[in-house]
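Here is a friendly tour of the model you have open.

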Amino acid sequence: MNLEFTAEENAFRDEVRSFIENNYPQNIERAAVQDDMTPEDMTAWHKILGEKNWSVPAWPEQYGGTGWTPTQRYIWSEENARVNAVMPLPFGVAMVGPVIYTFGNEEQKAKHLPGIKSGNVWWCQGYSEPGAGSDLASLKTTAVRDGDDYILNGQKTWTTLAQHADWGFFLCRTDPDAPKPQQGISFILVDMNTPGIEVRPIKLIDGGYEVNEVWLTDVRVPAENLIGEENKGWTYAKFLLAHERSGIAGVARSKRGVEQLKDIAKHEMLDGEPLIQDMGFATKISQLEIDLAALEITELRTLAGEQAGKGPGPESSLLKVKGTEIQQRLTELTLEAVGHYGTPDFRSFPADGSNDFPIGPDYAHSAAPTYFNMRKTSIYGGSNEIQRNIITKMVLGL
Amino acid sequence: MDFNFSDEQNMVRDGISRLVREQYDWDTRRGIIASDAGWSPEFWAQLAELGMLAAPFSEEDGGFGGGAVETMLIMEEFGKGLVVEPFIPSVVCAGGFLKHAGTAAQKEEYLSAIIAGEKVFAFAYAEPQGRYDLANLTTTAKKDGEGYTLNGQKAVVIGAPWASHFVVTARTSGGQADQNGVSVFIIAKDAAGVSLRDYATVDGRRASEVYFENVSVSADALIGELDNGLPLIETVVDEATVAVCAEATGAMQVTHAMTLEYAKQRKQFGVPISTFQVLQHRMVDMFMEYEQSISMSYLATIKLDEGEAERKHAVSSAKVRVGQSARFVGQSAVQTHGGMGVTDETAVGSYFKRLSIIEGEFGSVDHHMRRHIKLTAAA
């Protein structure tokens with residue numbers, strides 16, 4: 001038992017670190033919320049990695065994967081977190097991509113996988129509906145076969161960054177009479193430029209526009225866009241959700257967040273001393289660091305299991321729950337730490353930069369919006385309550 | 001990076017696991033702790049015979065070349081069976097002092113006897129006024145010719161009634177809580193001037209208040225350097241802390257399993273209470289807590305051989321996480337068992353009590369949190 005990286009793994013770390021240093025676009029930093037970045041900013045690193053053949057490390061090599069071990073992928077994500085890199089969005093790379101190469105036909109693979117890998121095609125996820133959140137299988141959007149096409153009608157919601165999307169993957173009901181709701185659902189790829197699709201951005205509590213409502217009215221989609229078999233979509237959807245959860249712990253990024261929090265707590269003053277020296281606040285930081293250390297080792301244990309050939313199991317639900325709890329606590333403490341200057345709404349500052357002196361420290365501007373925004377993490381990807389239901393079933397055997 | 005155990009380590013784990021399962025069920029344990037002696041010298045002899053007391057020592061010290069991982073594996077199984085026998089005081093603590101700082105003669109006299117199970121040690125370090133500060137000592141050892149004379153009182157010395165010898169920390173110079181001036185001695189229980197008040201502990205063990213009144217020892221009773229014993233004591237106590245963390249992970253796993261089993265059996269409102277989501281989620285939280293504790297037990301075990309700062313940081317991180325988990329798992333188990341959880345008739349109460357005491361053993365959550373904060377500030 002040891003936590004050492006091998007010489008090969010350390011050499012790999014050096015290689016990716018120097019690649020990142022030499023190639024990461026200098027001007028692109030992760031903003032407080034994603035919509036403060038342009039679509040070009042959000043895909044810039046993805047496109048560079050696509051050229052390098054490093055954009056889809058976890059994929060099988062025949063589709064463009066790197067063949068890295070789980071440990072190498074872990075190193076890769078750590079090194080990217082070091083520079084706060086804006087990583088490829090998950091909707092193509094981590095979600096629909098694996099569904100297509102696992103369940104899609106050769107034409108679908110040839111048509112879609114290269115665009116996902118290169119970052120040239122933007123994907124969005126049409127899962128949730130106003131009446132179907134945690135109870136996803138109760139979704140009502142219909143796809144009715146009409147000759148060589150499906151006709152889609154319904155409404156999707158919480159569709160992240162759909163305002164920029166070229167393509168979407170949609171769960172639709174194809175058999176309303178199936179004995180169980182899970183049995184009548186199909187997984188269909190949709191060109192977002194098809195007539196009948198309307199995308200309406202939803203303003204979130206952080207003031208940003210990250211998610212959308214997507215209205216589908218008589219949207220005609222070629223039947224060849226069906227993934228796998230009709231009415232088997234739930235199987236593919238579940239497969240995708242399991243993929244989505246791995247890596248969701250966000251350990252490397254949270255480690256960076258803790259360092260930023262400590263920096264803030266060194267600058268903020270309490271009774272003439274840096275806030276970090278206050279026993280009450282220092283205790284909260286230490287608790288966060290300790291919980292994060294535990295999560296990191298749990299993730300490494302899971303990786304080691306994966307390396308030994310075990311697939312992602314209920315551990316991925318544990319990683320999701322604990323990882324998001326930590327991400328949220330980090331943003332809570334950051335808002336606490338900045339004090340008064342968590343209050344001004346930086347979006348109300350004149351856009352022309354006419355404030356010739358800054359209002360409060362820069363690090364304070366994003367504290368509240370980020371805290372507000374990160375409430376999403378325990379809700380998306382299967383809420384943390386749903387994750388507990390999964391563990392109930394898979395670990396407790398109930 | 002590797003979380004696998006070697007073949008030898010797996011043999012240790014399998015051996016101790018079988019022994020605890022076959023010979024230390026809850027009813028047997030009840031008999032042992034209710035007996036006059038309060039422990040099972042026969043079980044201890046079997047541990048010695050199987051080589052378990054030798055597991056964490058190098059071959060030149062008479063062991064099997066193991067270390068902290070072996071201790072972790074043994075203590076996890078001890079935790080599953082709530083074994084009361086003094087592996088931590090005798091093997092981890094006294095054995096640890098001898099391993100790190102014993103002279104050849106001391107090892108010859110004591111370590112081989114510890115490994116053989118012939119001598120049993122207790123670790124007399126705590127004092128009524130000292131809380132978790134290992135240097136806050138009113139027990140004194142004064143130079144007296146070639147040897148030393150000890151006076152003072154040690155608090156809650158676990159396993160003292162079973163012990164033949166003590167490792168004792170004492171002040172040899174300086175003020176009451178100075179970092180310097182602390183030394184470590186080996187004292188036979190039957191030495192003139194040693195007296196004990198024995199009692200049972202709430203978690204099924206035995207302990208004593210130990211008094212030293214003009215106890216004379218020779219110069220070779222000193223382990224390690226005169227006046228500079230604190231770093232050695234900290235090293236050994238960190239090792240013991242990690243051992244008790246491993247014990248907690250074992251106890252938590254069993255506590256969780258018996259809670260789940262109970263919830264499946266117990267019916268209310270016409271259905272098993274395991275069908276209630278509020279209880280399901282609490283049991284999921286118990287699972288996540290002990291998994292996180294296992295991770296920290298691994299981390300701290302691996303870091304025991306690193307430099308002082310890194311070691312202390314990992315050990316305190318682990319003890320905070322494990323202490324918090326132990327409280328949550330223990331309390332949740334009792335709550336889920338309802339009235340049965342607060343009777344002395346079911347095992348869950350015994351697990352809860354042991355987990356509750358582990359929380360404070362070798363430093364509470366608050367103590368280790370403070371140490372973590374200080375180490376972080378110093379880094």
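## Where the chains meet

In this predicted model, 40 residues of chain B are in contact with 35 residues of chain A, contact meaning heavy atoms within 4.5 Å. Residues are numbered from 1 along each chain as its sequence is written, and chains are lettered from A in the order in which they are written. Local features need pLDDT of at least 70, side-chain atom pairs count only at pLDDT 80 or more, and totals for chains, interfaces and linings use all residues, while side-chain values use heavy atoms, with hydrogens and water left out.

About 3,500 Å² is buried between chain B and chain A, with carbon and sulfur atoms giving 70% of that area; buried area is the accessible area (1.4 Å probe) that two parts lose on being put together, summed over both. The rule finds three salt bridges across this interface, a salt bridge being a side-chain nitrogen of Lys or Arg within 4 Å of a carboxyl oxygen of Asp or Glu. Helix 8 of chain B gives the most to the side that touches chain A, with 19 residues; helices here are DSSP runs (H or I, at least four residues) and strands likewise (E, at least two), numbered from the N terminus.

## Cores

The largest nonpolar core has 136 residues, of which B:Leu47, B:Phe87, B:Ile88 and B:Phe97 touch the most other members. Such a core is a set of buried Ala, Val, Leu, Ile, Met, Phe, Trp, Tyr and Cys residues joined through side-chain atoms within 4.5 Å. Buried means under 20% relative accessible area, exposed over 50%, and partly exposed in between (1.4 Å probe, protein chains only). Helix 7 of chain B gives the most to this core, with 17 residues.

## Charged pairs

Over all chains, the count comes to 40 salt bridges. Here are some of them.

| Salt bridge | N to O distance |
|---|---|
| B:Asp285 and A:Arg388 | 2.7 Å |
| A:Lys255 and A:Glu78 | 3.3 Å |
| B:Lys80 and B:Glu77 | 3.2 Å |
| B:Glu127 and B:Lys154 | 2.9 Å |

B:Glu127 lies in the loop between strand 1 and strand 2 of chain B and B:Lys154 in strand 3, so this pair ties together parts 27 residues apart in sequence. Both B:Glu127 and B:Lys154 are buried.

B:Lys80 and B:Glu77 are three residues apart in helix 4 of chain B, so about one helical turn separates them. B:Lys80 is partly exposed at 26% relative accessibility, whereas B:Glu77 is buried at 5%.
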